[in-house]
Amino acid sequence: MSAADIATIGRELDAIRDEVTADLGEQDAQYIRKVIATQRALEVAGRGTLMFGLFPPAWVVGTTALTVAKILENMEIGHNVMHGQWDWMRDPEIHSSTWEWDNVSSAEGWKHSHNFEHHTFTNVVGKDRDLGYEIMRIDPAQPWKPVYLAQPVYNVALALLFQWGVALHDVGIHDVKRGNKDPETAKVDLKRFLRKARRQLFKDYALFPALAGPAAPAVFTGNLTANLARNLWSYAIIFCGHFPDGVETFEYSEQDLADETRGGWYLRQLAGSANLDGGKLFHIMAGNLSHQIEHHLFPDVPSNRYAEISPRVRAICERYDLPYTSGPLPKQYLQVLSKITRLAFPGGGAAKPAPAV
C-alpha cells in the first residue's frame, strides 16, 4: 500500500470521527443517562432481593440482577466513561476525571495502563503490556519460557479473577523488575490498588452480608457469583476482541513508532482488533466492545455510535483490501483458547511483519 493510500485512509477515518462528534447531542446524553439509571435500578433490585436470599428463587433473581448491573457498570458505563467518551456533556458526574467504577482497579491506574499504554501501542510486542497481560505467550514473537506450558491452566484462573489480574497489571510489578518503572512510583500505585481493593471487598463481602442478618451467607455467595460472572464475561469479550485468528501483532522499533503516521496508526488498530457479531442487547452488554475495531479507531467517541460507524469502516476496508475481522463469540473464543494452548509450547508459527506506515 502506498504512502498516499495510507494518508487517504487516515483522512477518511478522521472525517468519520469529525462527522460523528459534531453530531453528538441530547439523544446521546439521554442514552448514557438511561443506561446508568437502568444499571443502578438493577443493582438496587438485585441487592434488595438478595436480602431474602434464603429463599432460593430470590437468590437466583437477586444474583442475576446484580450480575447484569455489574456487567453494565463495568463494560458500557465505567470503561467508556473513563475513556472520555462522555466528557463533551460537561456533566461532572459522568466525566472521565471523576468516575470511579465498581472494580478493584483504581480509575487512575487503569486509565494509564489501558487508555495510554494499550491504545497507544496496540499489539506492539514489548510495548503493549495488554498483549498477554505479561503472563501469557499469545504471539510467536514472544520468547518461549517453560512457565508458558501452564498457561492453559492459569488462563482459567485469569478468567475467573479477571478484575484482580487487571488491577495487578495496572501496578506494573513486571516493569519494576525490568527497570522500566521507578519502585517508588510502583509503591504509590500498589497502595492505591490496595485501598480500592479493600473498599470493594468490604462492600461486597462484609457490609451487605452484615445488613442481611440471617441471610448473610446468601448475600455473600450472591455477590461472589455476580463478581465471578462479571469477570468471565469481561474476560471473554476483551480476549475475543484482541486475540482471535486474523488479529495481527507488530514488531515495531522505537523508530517505527516515531515515524508512524496518523494513517499508519489507524491501519495498526484495524489489523490489531476484532469485532463480535450480535444483536443490540449483546452489544450493550459487551460495552460495545463487540465493535472493538471501531473502539480502537475512535476510543473517545461514544460507544452508542459504533454500530452506525461500523458499516462505513468496513466499506473502507473492502475498498482498500484491508482486514476487517469479525465473528460470533463462540467461534472467536475457541480460536483464542486454541492460540493460548498452541503457544504454550515452543514455536507456534511465524510472527507477521508490520505493515508499511
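User: How many salt bridges does the structure hold?

Analyst: A salt bridge is a side-chain nitrogen of Lys or Arg within 4 Å of a carboxyl oxygen of Asp or Glu. The structure holds 21 salt bridges. Please keep in mind that this is a predicted model, where local features need pLDDT of at least 70 and side-chain atom pairs count only at pLDDT 80 or more, while totals for chains, interfaces and linings use all residues. Residues are numbered from 1 along each chain as its sequence is written, and side-chain values use heavy atoms, with hydrogens and water left out.

User: Are aspartate 204 and arginine 47 buried or exposed?

Analyst: Buried means under 20% relative accessible area, exposed over 50%, and partly exposed in between (1.4 Å probe, protein chains only). Aspartate 204 and arginine 47 are both buried.

User: What does arginine 47 lie over?

Analyst: A charge sits over a ring if NZ of Lys or CZ of Arg is within 6 Å of the ring centre and within 35 degrees of the ring normal. Here, arginine 47 lies over the face of phenylalanine 208, 4.2 Å from the ring centre.

User: How many aromatic pairs are there, and how do I read one?

Analyst: A pair of aromatic rings is described by the distance of the centres and the angle of the planes. Rings of Phe, Tyr and Trp (its six-membered ring) pair if their centres lie within 6.5 Å; planes under 30 degrees apart count as stacked, over 60 as edge-to-face and the rest as tilted. The whole structure has 17 aromatic pairs. Tyrosine 133 and phenylalanine 239 have ring centres 5.8 Å apart and planes at 5 degrees, so this pair is stacked. Tyrosine 133 is buried at 11% relative accessibility, and phenylalanine 239 is buried at 0%. For phenylalanine 162 and tyrosine 235, the centres are 5.9 Å apart and the planes at 75 degrees, so that pair is edge-to-face.

User: Which residues form one aromatic cluster?

Analyst: The cluster is formed by Tyr133, Phe162, Tyr235, Phe239, Phe243 and Tyr333.
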